[in-house]
Every structure is written in structure tokens, then in C-alpha cells.
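Subject: Structure handover

Hello,

Here is the structure I promised to pass on. Please open it next to this email and follow along.

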Protein chains: 4
Amino acid sequence: MIKLNEKILSSVINKRPQNSYKGMFGRVVIIGGNINFAGAIIMATSAAVYSGAGLVTTMTSKANKVALNQSIPEAMYVNYKKINNNINLIKTADVVLIGPGLGTSQTSKNILQQVFNIIGKKQVLIIDGSAITLIANDNLQLPKANIVFTPHQMEWQRLSGLDIKDQNYLNNKVKQAELKSTIVLKSHRTEIYTNNNCFQNTVGTPAQATGGMGDTLAGMIAGFSAQFNQLDLAVAAAVYLHSKIAEELAKERYVVLPHQIIQKIPYYMKKYEKK
Amino acid sequence: MIKLNEKILSSVINKRPQNSYKGMFGRVVIIGGNINFAGAIIMATSAAVYSGAGLVTTMTSKANKVALNQSIPEAMYVNYKKINNNINLIKTADVVLIGPGLGTSQTSKNILQQVFNIIGKKQVLIIDGSAITLIANDNLQLPKANIVFTPHQMEWQRLSGLDIKDQNYLNNKVKQAELKSTIVLKSHRTEIYTNNNCFQNTVGTPAQATGGMGDTLAGMIAGFSAQFNQLDLAVAAAVYLHSKIAEELAKERYVVLPHQIIQKIPYYMKKYEKK
Amino acid sequence: MIKLNEKILSSVINKRPQNSYKGMFGRVVIIGGNINFAGAIIMATSAAVYSGAGLVTTMTSKANKVALNQSIPEAMYVNYKKINNNINLIKTADVVLIGPGLGTSQTSKNILQQVFNIIGKKQVLIIDGSAITLIANDNLQLPKANIVFTPHQMEWQRLSGLDIKDQNYLNNKVKQAELKSTIVLKSHRTEIYTNNNCFQNTVGTPAQATGGMGDTLAGMIAGFSAQFNQLDLAVAAAVYLHSKIAEELAKERYVVLPHQIIQKIPYYMKKYEKK
Amino acid sequence: MIKLNEKILSSVINKRPQNSYKGMFGRVVIIGGNINFAGAIIMATSAAVYSGAGLVTTMTSKANKVALNQSIPEAMYVNYKKINNNINLIKTADVVLIGPGLGTSQTSKNILQQVFNIIGKKQVLIIDGSAITLIANDNLQLPKANIVFTPHQMEWQRLSGLDIKDQNYLNNKVKQAELKSTIVLKSHRTEIYTNNNCFQNTVGTPAQATGGMGDTLAGMIAGFSAQFNQLDLAVAAAVYLHSKIAEELAKERYVVLPHQIIQKIPYYMKKYEKK
């Protein structure tokens with residue numbers, strides 16, 4: 001298991017070429033946020049935008065449109081019940097993130113299934129939060145795509161069948177291989193299992209232990225995956241940076257809130273970009 | 001009557017253990033905010049989140065959903081008319097705060113009664129603002145729970161039957177004992193009557209005399225009660241810190257607004273945490 | 001004509017007594033904001049809250065409720081078409097401000113007339129913006145109250161019948177006496193005509209010449225009138241401070257926006273309060 | 001082709017005369033923002049307000065009203081489906097900007113056509129984003145007005161018929177002459193073709209390559225055109241300043257977001273105003 005350190009950042013975060021345009025930094029579609037969980041989709045979307053994704057479209061409950069627009073005007077909005085009218089948005093995305101605040105209703109499940117039907121094998125599909133629970137509960141078949149799961153330990157138990165006490169390196173690795181996906185197993189020291197690597201986070205703070213942190217991380221992973229080439233390294237860099245920023249902010253805060261991390265992303269990416 | 005000082009903070013605000021997760025810092029449910037009083041529920045919710053509560057769910061009028069989501073995305077939302085579909089949220093909460101901006105309509109009263117029916121004896125129930133008035137006016141029977149009342153002097157008169165001029169130490173203490181609850185009697189120098197203790201606040205500023213301060217305090221009490229063990233000390237620490245921050249901010253402001261206090265909570269909790 | 005200077009601030013802005021509560025700093029009701037002019041009512045409300053008014057209730061179109069709540073949670077909201085259900089709110093107010101973004105429709109006129117019917121002679125009634133135009137156009141009879149008008153030069157022409165070119169000291173003074181009201185005649189160097197005094201502003205900046213400044217000033221006048229004793233001096237202090245802050249901010253800004261002035265009010269009030 | 005430098009700012013950005021009022025700094029109407037693209041209209045509106053335009057009215061989908069009001073209260077709102085009730089607003093505007101987030105639906109097209117019917121030959125009409133695509137697709141006839149187009153390269157291909165590879169100086173200049181309009185051809189180093197001049201931007205940063213930058217630039221061009229006399233110089237100054245601010249902010253940020261540029265406009269305008 002490779003211990004992550006600052007080098008993951010400078011090896012992943014490219015210096016942008018002078019002649020850049022937004023199309024070079026990826027199209028991201030983020031799907032989630034039922035009527036009760038607007039905040040989750042706002043935080044995930046904001047994290048993707050502040051991570052530098054070129055274009056971000058958020059598909060969510062229409063009940064969340066106004067709060068989303070006001071919170072992060074840089075993102076476009078689509079009603080998540082109208083995915084069928086917006087299939088091309090998903091087909092042309094580099095990265096699709098589904099799950100933050102999605103919920104586990106029949107509507108949520110339909111949306112997840114629609115995305116599975118549309119997604120292509122070259123796209124990155126990040127599956128977070130309640131989307132993981134939906135897959136586990138209903139034993140949904142995964143589409144062919146570059147899949148990243150971001151479970152916490154209880155969600156990993158549901159998905160992998162491994163009790164939390166049995167979630168050790170070997171068992172996790174075996175399950176990862178079965179799933180042929182990248183697993184971001186969130187905990188005090190998050191572990192990342194990929195086809196080729198296994199990383200462990202080394203930074204982080206108890207001040208991060210608050211609602212919305214997972215949504216924020218998922219958005220950062222989406223933003224990094226959209227911009228940077230090697231998926232497993234991009235995921236690892238996002239995980240590390242998320243906790244690194246939190247650790248820094250916690251030096252003067254008892255609790256660090258997601259939006260505070262989000263606002264700092266561009267500064268830390270600049271600080272650690274490839275020289 | 002024990003005069004509060006900074007030691008209440010360092011004795012209450014634990015250093016978080018390295019291996020923390022949000023479930024360790026409490027589940028808080030906050031109920032209130034009719035169509036006219038959205039701000040009250042926004043401020044109470046924000047104060048609980050910034051105080052470090054692990055997970056905060058706010059039950060309010062659906063008319064307030066958007067402003068709540070945008071103001072404090074870290075909180076989840078439930079329509080307060082749908083409590084019956086969300087009984088488990090209340091049953092599994094560590095702390096329930098009811099009252100900020102709740103109003104005194106029949107709807108408000110129904111909601112209060114539903115919460116009284118659901119709440120269990122091991123839970124903390126903080127009763128603020130119009131919820132106090134509802135209880136006093138209709139002589140509602142209190143549920144078995146760890147109850148904290150946060151009346152200002154007029155609300156205390158309604159609840160206790162004590163005229164403001166008769167609200168002295170002895171009379172208040174007698175009424176507290178009858179109510180078997182913690183009483184946070186708000187005034188220029190707020191007094192806290194508990195089963196075992198009696199505290200008096202020693203800090204605060206006239207710059208705090210503005211709308212929304214009570215809602216903010218109630219949210220801080222909820223956040224502190226959710227994280228820290230001894231209820232009466234947690235309440236006292238929240239009361240002290242609320243005024244302490246206001247006093248500091250008032251050094252350069254004629255009036256201190258609630259949201260300004262809220263944003264400073266994590267900094268002051270860090271400053272005063274247990275060494 | 002008395003030239004205003006910083007002394008108006010230190011003579012008006014009282015040091016708050018230690019034993020303060022919000023009721024001591026006035027109840028303000030602000031009425032305006034049709035569906036097109038939400039911003040006007042948000043800015044007026046914010047200015048009153050940041051000026052230190054004890055309790056602020058805003059009556060506006062229900063289309064503006066969410067933006068108001070999110071922008072200034074410290075204020076309460078009432079649908080301005082339901083004034084008849086909220087007569088007591090107006091009757092118990094110390095200050096009523098009507099006009100910012102009110103518009104000149106029949107609805108607007110009905111609301112203005114209702115307020116005129118309710119208001120009492122001891123209350124302060126500030127009449128701004130389209131409310132002035134409504135009075136002038138329809139020759140509405142003024143209620144008995146302590147009235148403050150805040151016209152710009154064109155509105156003053158409508159109200160007084162004086163062409164802009166004829167708006168000199170003597171003519172304005174005669175019209176003020178007829179109206180038995182305080183006139184805040186807004187221009188590059190705003191003049192204030194009262195029963196006893198005549199003031200001229202001496203500060204201000206062309207960077208203030210932007211939409212929303214009048215709404216902001218009206219809100220400050222409401223906040224000051226609610227807290228400080230002599231109405232004409234309170235009005236003069238608000239006028240002076242509004243421009244003084246703008247002048248300071250303009251040292252490093254080409255244009256000063258209303259919300260930037262608003263946020264600075266508590267700092268400048270502290271700086272200039274009575275010693 | 002004239003290379004732009006800081007002198008374009010100090011030659012365009014007038015020092016405001018002491019005796020200013022908002023009417024001197026132009027009336028701007030901004031039209032766009034369908035239900036999916038609220039952010040575009042929020043950013044364009046904010047950029048115009050922060051650039052110092054005297055009065056800004058935004059015509060957009062009513063679905064965007066609340067987010068607009070909250071984000072930029074200084075702007076007035078009109079439902080863009082009710083242009084026919086608000087013809088005078090457009091007729092009396094100094095500058096009309098149409099396009100940010102307008103979309104290409106039949107509704108969008110109707111709105112564009114209505115504006116074309118109303119606009120007068122002395123007015124400035126800025127045509128951005130999907131409005132350019134609508135004109136190109138349907139070969140709409142342009143009204144007589146001082147037109148500014150702000151296409152990116154693909155939109156310029158649609159409008160001019162020039163393939164991106166053929167978009168060189170000479171070809172662009174010929175097409176500009178045919179269109180008798182100012183062309184702001186956006187790219188890494190944006191070029192501006194006018195009847196009399198041809199400018200090339202010399203500043204900018206890859207950190208600008210993110211969604212919403214074009215909307216922001218369009219709003220700045222509207223704000224500058226409303227205040228400053230020579231249209232082609234005003235446009236050039238807006239283009240230069242937009243990138244100049246981004247370049248400065250990018251010194252410590254990996255990605256620069258539109259709202260961050262917007263907030264800095266008044267400071268940079270002050271810094272570079274005519275001495």
C-alpha cells in the first residue's frame with residue numbers, strides 16, 4: 001500500500017498550457033440531489049467547478065434549481081427527471097458523477113438505471129453515496145465504463161458483502177478486482193484500491209468529521225478525473241488534496257466545513273502544480 | 001450562582017480524537033421556521049452546523065427550503081408537515097431543537113405535539129421561542145426527555161407564571177425544579193438553572209441586542225449538546241461562547257449580527273478547546 | 001443651511017447602555033418590492049438591520065420572499081398583500097418605511113393607502129421612491145404622522161410642483177412647511193429640510209451614482225430613526241454616514257455598490273458613536 | 001493589428017465628474033438565461049453592475065428570478081416572455097446585451113426577433129452566445145444599431161461562414177466589414193475587429209479556461225459601452241481588463257472563476273482610471 005504524500009499532487013496537477021480553452025478541461029455531469037438533499041449536490045458541483053473542470057452540468061431535482069444557481073452560477077442545470085431529453089449531455093461527458101444526495105427512492109433508482117444505459121465504456125463514472133446503496137440493495141448490473149466507487153465503510157459492506165471488521169487489505173483488494181473498479185474506501189485514513197495500485201491517505205483531521213465532506217470529495221474526484229490523465233492517480237490526488245486542505249484549515253478551526261475547503265481548492269492546486 | 005468564565009469552554013470543548021467520523025458528533029434535528037420566520041430556522045441551523053454537530057436535519061416550512069439550502073448546504077431538509085413520514089429521523093437524533101420561528105398557529109402546535117409524542121427519554125429536547133409560548137398557553141404536558149428551555153423573560157413569565165419582577169434566584173430555582181428541566185433564562189446576563197447547578201453569564205454586549213440572537217444561541221446549544229457529554233455544562237459553554245464572540249466582535253462593530261457570530265464559532269472553539 | 005460634518009454622527013449615535021435588549025432599538029416595518037424590484041427591498045431591509053434596528057419586518061411580494069430570506073435572514077417576512085391580517089405589526093412599529101421598489105400599480109397604491117389608514121400620529125413614516133410618485137400623481141392625502149420624504153429631484157418636482165430649476169432653498173423650504181414633513185432632497189449634495197432645521201450634506205462620491213443607493217439610504221434612515229431620539233438629527237446622521245462610507249470605499253473602487261456600504265455600517269457607527 | 005496594453009484602460013475609463021448621478025452612466029438591458037442557464041445571466045448581469053453601469057435591468061426566465069435577485073440585488077428583473085409589456089425599457093436603454101444563456105429554442109428565437117424589432121439605430125446591441133447561433137442558423141436579418149458580436153471561434157464560423165482554420169486577419173476583416181459590426185473574436189488572444197480598428201489582446205491566463213467567462217466578458221462590455229464614449233475603445237478596454245484581472249488572480253489560483261473576476265472590477269477600474 002503506497003502512502004500518499006505531496007508528490008501525488010505535483011505529479012498529477014499539470015501546468016495548463018498557455019493556449020487553453022475550457023473544452024480541454026473536461027465536461028462533467030453531476031447527478032443527484034433529491035428534494036431533501038440539495039446541499040449534497042451543491043457541494044459536489046461546487047467542488048468540481050473549483051477543481052477546474054471545464055464545463056459542469058448538474059442534473060438534480062427541480063426543487064434544487066434555485067439554490068444551485070445561486071450557490072454556483074458557473075454550473076448549468078438540468079432537471080434529473082428529464083435525462084431522456086438530455087442523453088447527449090451524458091454521452092459527451094468525460095466524467096459522470098452520480099449519487100450525492102440522490103436518495104434511494106424509485107425515482108432515484110430509475111435515474112441511476114438510465115445513466116447506466118447511456119454511459120459508454122470510455123467514460124469515467126463515479127458512483128457515490130446512495131447510488132452505491134441502490135446498486136448493493138438491488139444487485140444492479142454495472143455498465144462498462146471506468147468506474148470509481150466512493151463508499152464509506154458501511155456502504156462498502158453493502159456493496160462488497162464484507163463486514164466492516166473484515167475490510168482488510170487483502171479482502172478489499174479481492175473485491176476490487178471482482179468489481180474491476182477503483183474503490184475509494186473512505187475512513188479516517190482513506191484507502192484507494194485500483195487495478196494497478198493501492199494507496200493510503202496520510203493526512204486529514206477530525207475537524208473534517210461533518211456532513212457534506214463525502215459529497216465534496218466526490219466533486220473533487222470528478223473535477224480531477226476530467227482534467228488529468230491517469231484515472232487512478234487523479235483520484236488519489238483528489239483524495240489527498242481534500243484532506244490536506246482540511247488539515248491546514250483545521251489549524252485554526254474546530255470544525256472545517258465543506259464550503260471552506262471548496263473555496264481553497266484553486267489556491268492549493270496552484271501551490272502544488274507541476275513545476 | 002456560579003459565574004461563568006473561559007474555563008467552562010476548555011472543560012467542555014473536547015479535543016476531537018484523531019480517528020473521528022461524523023457519527024461521533026451527534027445527530028441534530030431542528031424544527032421551526034414558518035413562512036414568515038425563515039431567518040430564524042436558517043440562523044439556528046447554521047449555528048448548529050458551525051458548532052460542529054455531526055449531522056443536522058432541519059424540518060421547516062417548504063417555503064423556506066430554498067433559502068435554507070442556499071444559506072447552509074451542509075444541513076438536510078424535511079418539510080415539517082411531513083414529520084409522520086420521518087419519525088425515525090427524530091427517534092435517532094441525539095438532540096432535537098424545536099421552536100425557532102415555529103409560530104403559534106394550529107400547524108405549529110400540531111408539529112410540537114407530534115414531536116412530544118415521538119421523543120424518547122434519553123434524548124435532549126431543546127424548546128425555544130414560540131414553542132415555549134405554545135406550551136404555556138395551552139398548558140401542554142411535557143414529554144419525558146432531557147429538556148432544555150431557552151426563554152427570554154417574557155416567555156419565562158408565561159411558562160413559569162412568575163412575573164418578570166419576581167424572577168429572582170429562588171423563585172426561578174423552584175420553578176426549574178418543578179419543570180425538571182434546564183432553564184436558560186435569557187437577559188443581559190443570562191442565567192442557567194439546572195438540576196445540579198446554577199450559572200450566570202458574565203460576558204456579552206449591547207451590540208447583541210438585535211433580532212435573531214436567540215435563534216443563534218438555540219442552535220449553538222443544540223450543537224454543543226450533541227457533541228459534549230454533560231448536558232448542563234454543554235449548555236453553559238454554548239451560552240458563554242455565544243456572548244464571548246459577540247463581545248469580541250463588538251469591539252469594532254456598533255451592532256453584531258447573528259451570522260457574524262456564527263461564522264466565528266469554529267475559530268473560538270479551536271482557541272478554547274481542551275489542551 | 002447647516003453643513004453637515006462628522007459631529008452629526010457622534011451627537012446622534014448613542015453608546016448603547018450595558019443592559020440593552022432588542023426592544024429598545026425599535027421595531028421597523030419596511031414595505032415595498034414588487035415582483036420586478038426585489039433588490040430594492042432587500043437593500044433597504046439590509047441597511048436597516050445593519051444600522052442596528054432592533055426588529056425588522058419586511059412586507060413585500062411573495063415572489064421576493066426567498067431572495068429576502070437568504071440575503072438578510074435577520075428580517076421577518078410578510079406578504080404585502082396581507083397587510084390587513086397584520087395591522088398590529090404596523091401599529092406597533094416605531095418606524096414604517098414604504099416605497100423601495102413598490103412600483104406604481106393599483107396593488108402598490110392599495111398598499112400605500114392601507115398603510116396611510118393604519119399609521120398613527122406618533123409613528124415615523126418614511127416615504128420613498130415610487131410611493132412619492134403615487135402620492136404626487138393621485139394627490140393622496142397624507143396621514144398624520146412624523147413623515148419623512150426621500151425624493152430625488154424629479155420626484156420632488158412631482159411632489160412639490162417645483163421644477164428642478166426652481167428647487168432652491170427658499171422654494172424648497174416653503175414647500176416643506178406646507179407638507180409639515182422632513183424632506184431629504186437627494187442630489188450630489190443632498191439637502192434636508194425639517195420643521196426646525198436645514199442641513200446640507202458635504203460628503204459623497206460619484207462612485208455612488210449607481211442603482212440601489214436610494215433604497216439603501218432609505219433603509220439607513222429607518223434604522224437610525226428607530227434608535228435615536230430626535231428625528232431630524234437621526235435623518236441627517238443617516239444621510240451623512242451613507243455618503244461618508246461611500247466616500248471611504250471609493251478610495252479604492254471606481255463604483256461603490258450598495259451592499260458594500262451596508263456591510264460597513266456597523267463599523268462606522270462604532271467608530272463615530274458618542275464617547 | 002494594434003496590441004492592447006494598459007493604456008487602453010486609462011484612455012477609456014474616465015474619472016467621474018463630482019456632480020454625477022446614475023443616469024449619466026447608462027441604462028443597460030441584459031436578456032438571456034433560460035431555465036437551464038441561470039448562471040450565465042447572473043454572471044453577465046453582475047459584470048455589468050460591477051463595471052459601473054448606472055441602471056441594469058435583466059430580462060430572463062422567471063425560473064431565474066430568485067437566484068438573480070439574491071446574487072445581484074442591484075439589478076431589476078423582467079420576465080423575458082413579457083418583452084412586449086416592457087418595450088420602453090428596451091427603447092430607452094443605451095445598451096442592450098442579448099444572448100448569455102438564451103438558448104436556441106423557439107422561445108429564445110422569438111425573444112431575439114422582438115429585440116431586433118424594437119432596437120433603434122443609435123443604440124448599442126451586443127449579441128453573445130446562443131443569440132449568435134440563432135442568427136447564423138436562421139440567417140436572421142440584423143437590425144440597424146451599433147452591433148457588437150462576441151463569438152468564440154465556432155460561433156464565428158457559424159456566423160461568418162469561415163472555417164476556424166480560415167479565420168485569419170484578412171478574412172475576418174472582410175467579414176467584419178460585411179457585417180458592419182464590431183467583432184470580438186474570443187480565443188487565447190482575443191481579437192477585436194471594428195470599422196476603424198483592429199485590436200489584439202495581449203494578456204490572459206489558462207486559468208480563465210472555465211465555464212462562464214464569456215458571459216462575464218459580455219457583461220463587462222455592456223457596462224463599459226454604457227459609460228464610455230467611443231464604442232470600439234470601450235469594447236477593447238473591457239476585453240483587456242477582463243483578462244488582466246484574470247491574469248492577476250491566477251498568480252495564486254489554478255483556476256479563476258467568473259465571480260472572482262467580477263468582484264475585482266471596481267478596484268482595477270479605479271487603479272487604471274484616467275488621471
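Below is what was found, topic by topic. Please keep in mind that this is a predicted model.

**How chains D and A are related**

Start with the two chains D and A. A rotation of 90° superposes chain D on chain A, with 0.0 Å of shift along the axis and an RMSD of 0.0 Å. The two copies are thus related as by a four-fold rotation axis.

These chains also touch. On the chain D side, 32 residues are in contact with 32 residues of chain A. Together the two chains bury about 2600 Å². Carbon and sulfur atoms account for 59% of that area. Which surfaces do the copies use to meet? Only 6% of the interface residues of chain D are also interface residues in chain A, so the copies meet through different surfaces.

**The nonpolar core**

The largest nonpolar core holds 259 residues. Which of them touch the most other members? They are A:Phe224, B:Phe224, C:Phe224 and D:Phe224. Take D:Phe224 as the example. Beyond its neighbours within four places in sequence, D:Phe224 is in contact with D:Val12, D:Ile13, D:Ser51, D:Ala234, D:Ala237, D:Ala238, D:Leu241 and D:Met269.

**Annotated binding sites**

The UniProt entry is unreviewed, and its "binding site" annotation covers A:Ala40, A:Gly101, A:His152 and A:Asp215. Two of these are worth a visit.

- A:Ala40 sits in helix α2 (residues 38-50) of chain A. A:Ala40 is buried, at a relative accessible area of 10%. Setting aside neighbours within four places in sequence, A:Ala40 is in contact with A:Pro100, A:Gly101, A:Asp215 and B:Pro73.
- A:Asp215 belongs to helix α9 (residues 213-227) of chain A. A:Asp215 is buried too, with a relative accessible area of 15%.

Look at A:His188, in the loop between β8 (182-185) and β9 (191-193) of chain A. A:His188 is partly exposed, at 28% relative accessibility. Not counting residues up to four places away in sequence, A:His188 touches B:Gln18 and B:Asn19.

**Salt bridges**

Over all chains, the count comes to 40 salt bridges. Here are some to find on screen.

- The side chains of A:Lys109 and A:Asp138 meet in one, at 2.4 Å from N to O. This pair links distant parts of the chain, 29 residues apart: A:Lys109 is in helix α5 (residues 106-118) and A:Asp138 in helix α6 (residues 130-138), both of chain A. A:Lys109 is partly exposed, with a relative accessible area of 25%. A:Asp138 is partly exposed as well, at 31%.
- A:Lys165 and A:Asp163 form another, at 3.7 Å from N to O. A:Lys165 is exposed at 68% relative accessibility, while A:Asp163 is partly exposed at 34%.
- In chain D, D:Lys165 forms a salt bridge with D:Asp163, and the closest N and O atoms are 3.7 Å apart.
- A:Glu6, A:Lys244, A:Glu248 and A:Lys251 are linked in a network of salt bridges.

**Backbone and loops**

Two residues have a positive phi without being glycine.

- C:Asn139 has a phi of about 50° and is not a glycine. Its place is the loop between α6 (130-138) and β7 (146-150) of chain C. Is C:Asn139 buried or exposed? C:Asn139 counts as exposed, at 70% relative accessibility.
- D:Lys180 has a positive phi near 50°. D:Lys180 lies in the loop between α8 (169-179) and β8 (182-185) of chain D. D:Lys180 is exposed, at 63% relative accessibility.

One last stop is D:Gly39, in helix α2 (residues 38-50) of chain D. D:Gly39 is buried, at 2% relative accessibility. The C-alpha atoms of D:Gly39 and D:Lys144 are separated by 30 Å, and the two residues are 105 residues apart along the chain.

Best regards

Key. Residues numbered from 1 in each chain as written. Chains lettered and ligands numbered in written order. Predicted model: local features only at pLDDT ≥ 70, side-chain atom pairs only at ≥ 80, totals over all residues. Heavy atoms only, no water. Core = buried A, V, L, I, M, F, W, Y, C linked by side-chain atoms within 4.5 Å. Buried < 20%, exposed > 50% of the residue type's maximum accessible area, 1.4 Å probe, protein only. Contact = heavy atoms within 4.5 Å. Least-squares fit on C-alpha atoms with pLDDT ≥ 70 in both. UniProt positions renumbered as here; feature names shortened; annotations may be inferred. Helix = DSSP H or I, 4+ residues; strand = E, 2+ residues; numbered from the N terminus. Buried area = accessible area lost by both parts, 1.4 Å probe. Salt bridge = Lys/Arg side-chain N within 4 Å of Asp/Glu carboxyl O.
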